[in-house]
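User: I've got a model open and I'd like to learn how to read its strand pairing and its nonpolar cores. Can you walk me through it?

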Amino acid sequence: MPVRSPRRIDDSRWISSRANLSETRSWPDEVTIRYIDCPAPSDAAEGTILLIHGFPETSYQFRHVITPLSDAGFRVIAPDYRGASHSSHPRDGYTKSVMAQDLHTLLLDHLRITGPVHVVGQDIGGMVAHAYASRFPKDTRSVYVQISPVSQQVHGLQNLTLEMKHLGESAHSLEQKHTRTLSTVQEFGTLRSTGSLFRKLSWRAGSRIYLEHFYDRPSLNPGAIYPADLDHYATMFARPARCHEEPALMCTELSTLMPKRIASSCVRESPCSVPAQALNGKGSFLAEIAESMVDEMYRDWSAATVEGSGHWCAEENPEDFVKRVLTFVRKH
């Protein structure tokens, strides 16, 4: 069998840099966000698209969509949120609200982007995108979210019920509605159970095995993530950092279901007024529960499906991902 080669990445217009968002430049309090900035081919850009990656990924997950979105006339910003990749790993601040504030500061204070932006978030990035739209609706033209409830395999159905009660559904209806999805998520392989194996392995080797399992299970097209891509993610995941020392800790700090962590500052009494679209791969087992969450959180929303994709839409079918995003953002 011939060895597969990764598809070419056109990064000719990418500008990669870092922004220091904190007053200090010393660990462990420093907040430095690494980002990719890809300008539109002409000065007459249609707007700005902010891409927020998921876990356990980095901005690298958008490598196949940054330039096509930019070619369509948009300035594209793809940061690594705090705790990921080459961004700093401060000891605190891993709530979705704080992570959204980081990105808002990056865009307004560092990049001087004054107009409202289109926010696209995948997996945990979808949770941060919702926090961004909820906290800064005047600075958000639209929000495109793929929200993952995967962390609930750690906390269990009881915590899911407690965390979503404020959204207006009874414990009984939640249990009935999400039992099938939760059982699928549990079968997917939890961070906690995988973490026990992970801790017994060497750090670098263990991270690669862990991530290979993590990417393979929820994907419809696992061949989209090449060995070289997996090596990249494993290297980034193995970087020394507080939130990477324990997979279950990462799950608790970054992946807890959105309402619990941002309810006090982001979820309002009425649904968010920013136009939203729920994005999921056609083969994603998380689609049903993700759409129900978006329905509770947004007044004006729709749904879109990426063909031939499971959970990792921007990597499994980047062409259709770009098509769906552009179709939506151009309406707003």
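User: Let's start with pairing. How many bridges join strand 3 to strand 4?

Analyst: Two strands count as paired once DSSP finds at least two bridges between them. In this predicted model, strand 3 (residues 47-52) and strand 4 have 4 bridges and run parallel. For one such link, look at T48, whose bridge partner in strand 4 is R75. Now follow the chain: from strand 3 it passes through helix 1 (residues 66-71) and on to strand 4, a right-handed β-α-β crossover.

User: And how do strand 2 and strand 4 run?

Analyst: Antiparallel, with 4 bridges joining strand 2 (residues 32-38) to strand 4. Find C38 there and you'll see V76 of strand 4 opposite.

User: Is strand 4 mostly covered or uncovered?

Analyst: Buried means under 20% relative accessible area. By that cut-off, 5 of the 6 residues in strand 4 (residues 74-79) are buried, so the strand is mostly covered.

User: On to the cores. Which residues touch the most other members of the largest one?

Analyst: A core is a set of buried nonpolar residues joined through their side chains. The largest here has 49 residues, and Y132 and V143 touch the most other members. Helix 3 (residues 124-135) is the top contributor, giving 7 residues. There's also a separate core of 25 residues, including C38, L279, V306 and L326.

User: What is Y132 in contact with, leaving aside neighbours within four places in sequence?

Analyst: Quite a list: L50, A100, L103, H104, L107, V117, V119, P137, D139 and T140.

Conventions. Residues are numbered from 1 along each chain as its sequence is written. This is a predicted model: local features need pLDDT of at least 70, side-chain atom pairs count only at pLDDT 80 or more; totals for chains, interfaces and linings use all residues. Side-chain values use heavy atoms; hydrogens and water are left out. A nonpolar core is a set of buried Ala, Val, Leu, Ile, Met, Phe, Trp, Tyr and Cys residues joined through side-chain atoms within 4.5 Å. Buried means under 20% relative accessible area, exposed over 50%, partly exposed in between (1.4 Å probe, protein chains only). Helices (H or I, at least four residues) and strands (E, at least two) are DSSP runs, numbered from the N terminus. Contact means heavy atoms within 4.5 Å. A crossover is right-handed if, with the strands pointing away from the viewer, the path from the first strand over the helix to the second runs clockwise.
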